[in-house]
Amino acid sequence: MASNVEIASSFIAGAPPGELSDVVNDIKALSDDPSLIPSLKPAFEKYNEEQLTTVKVPGGSQSVIVSAFNKLEDGRYYDAQSQTSFEFDHITQKASSPQTYVLESENLEFIKSLARTFENHAKEHYPSYTLGVYPTGDDSAVAIALVANKYSPHNFWNGRYRAIYTVNPSTGDITGSISVNVHYYEDGNVSLKSSKPVSLNAGSNPTSEAVVRKIAAAEKEQEEQLNEGFMSLSEGAFKGLRRQLPITRQKVEWEKVSGYRLGQDISGGKGSSRATDMADQPVKPAVIAAFPPPPPFWKHFTRENVERFEEFKKQQQEQLQQQQQQDGEDGQIDSKQAKDTFKKKGEVDLDTLRKNVPFELRYLVPPAVPKEEYQLFGEMQRVSLTLPSLASQGVHQIYPEGPSPPPAPPAPTAPTTTSPTDESPAYTPATIPPNPRFWLTATTKYLLLNFLELVGLLASNPIEATSKIQDIRDLFVNAHHLLNTYRPHQAREEVIRLMEEQLKKSREEIEEMEKVKVKVEEVLRGIVGEGQAIRDGDDEGVGREGEKKGRKKEVSSDDGLFEDDEDEEGEEAEEEVGRNEDGGVVGGDGGIGGGKAMVVEEWREMWEVLGSG
């Protein structure tokens, strides 16, 4: 029988990456022996050196590797890059007592060159890594140790990547291994362990660049093999772990999944008396998703098909115009066939498009307006304004009936959308139950309660959940039907809102018209006032001209000078005055006629001066 030390040592050797402290705590919980953990020091040392445990040296900024390659004779470890040696506690994984250490080796220059080149390679391919390059024990080769850790305990997984290579500087032989270890432990334990041996040759007396190129090619090949392994696991081993049948022990026909009814057809209708009564009836296609995918013909609405369809419509319209020109000089359609085929001049009827359209463009023609029935989400619906009762749909009504509706209005003279065989009136007002808010709130609470009960049934006995799913469906239908009873009220309120908006808009337009009217009246009053002022000024001018004419006649009778000229000028003045009195072109503000009047007045003043002289 194995001792406790051997059993605990096996636990430590199998500790996943980053979980050694958890394993130690578990060992302490399983054993009451306080001396057990110190006795496991060899197991801890072997684990740390094989797993390339990383540690930060006091005073250092970067992590260093603990391995068999950088171990000194006194049990200390060294780091070639920082030229430091340190003590390491394998149980607590802590470093202490740093000292200066100078590395001595025949291959020291090759070690430094290889460390620089491999550092650039690691920075390019590993987001987080620790690198160490050391001489082997007999100083005949160079060892490369690379470790990359990725810990995510909050997401219940940890991983480690290790690569160890031994390079012979003279022959160029490269040997080693690449290991990957990942542990996922959420509600279970899944571990991935992969190890690939490496055997390469970079040529005799290789450079550090040649060695790194060979190693990079080997790492890429190993990564590709891992990806292929993941794919094979998903299609092979993991698929074999899955159950062959769902919880209902029945196969799901995925090709017909759109025809299943939620909770009824998948379970075969068990637990539902309504489903049992309708077992012999054909099942209509139903959509079980709240937001179902678009119909399959949406793929036909490509840019190319749309352009082709528009071109086809233009061709049909051109043929229509040619036919109209042949039917008559005025372009009217006289033939009965043309009247039945085309509705408007230059516009092709949809029926004609459906008959002549190419097969691949048939889905681009708009459907005909339904007259009796139409399809909605895979179910046939009747074109009727009558709200069907829940009883006619086979659904239990949870809220009371409302008061009797008022008599239906007379049927309109225009043809209605109801079926000719439908004996119900064209419009039947829905009955709103008393206190509808209470029943809507109660239905919502019932839905939440039934959903919680459904979750419990799915966890304990999923087969019995069918009846609960049916109850939830009936509650949704009740809520939907109760909201539909508000449709007439909604339509009435919407009409009132639209009429109020139109009335408000009309009143605003009337107010604007009143403002414009006031402005126009002000302008007109100003124009009338200006005209009156002009007219009064013209009357005063005519009076002054008469007085001057009288005075001039007196002067001419006394002296007799220029009598003939004065008579002619008087006649011209009378003509100008006459035009002023008749409302001609003479203006009081100095228009064309006004200028002539001023000239006449100046001549008269000259006659007065001559007469007085």
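This is a predicted model: local features need pLDDT of at least 70, side-chain atom pairs count only at pLDDT 80 or more; totals for chains, interfaces and linings use all residues.
Residues are numbered from 1 along each chain as its sequence is written. Local features need pLDDT of at least 70, side-chain atom pairs count only at pLDDT 80 or more, totals for chains, interfaces and linings use all residues, and side-chain values use heavy atoms, without hydrogens and water.

**Stop 1: the five-stranded sheet.** Select β6 to β10. They form an open antiparallel sheet in the order β6-β7-β8-β9-β10. Strands are DSSP E runs of at least two residues, helices H or I runs of at least four, numbered from the N terminus; two strands pair if DSSP finds at least two bridges between them. β6 (130-135) and β10 (190-201) each have a single partner strand, so one side of each lacks a neighbour in the sheet. Now pick β9 (173-184): its antiparallel pairing with β10 spans twelve bridges. V180 has S194 in β10 as its bridge partner.

**Stop 2: the three-stranded sheet.** Select β3, β4 and β5. This open sheet is antiparallel too, in the order β3-β4-β5. β3 (77-79) and β5 (94-100) stand at its edges. β4 (84-89) pairs with β5 over five bridges, and T84 stands opposite T100.

**Stop 3: the end of the tour.** Go to helix α14 (487-559) and find I527. Buried or exposed? I527 is exposed, because its relative accessibility is 52% (buried is under 20%, exposed over 50%, partly exposed in between; 1.4 Å probe, protein chains only).
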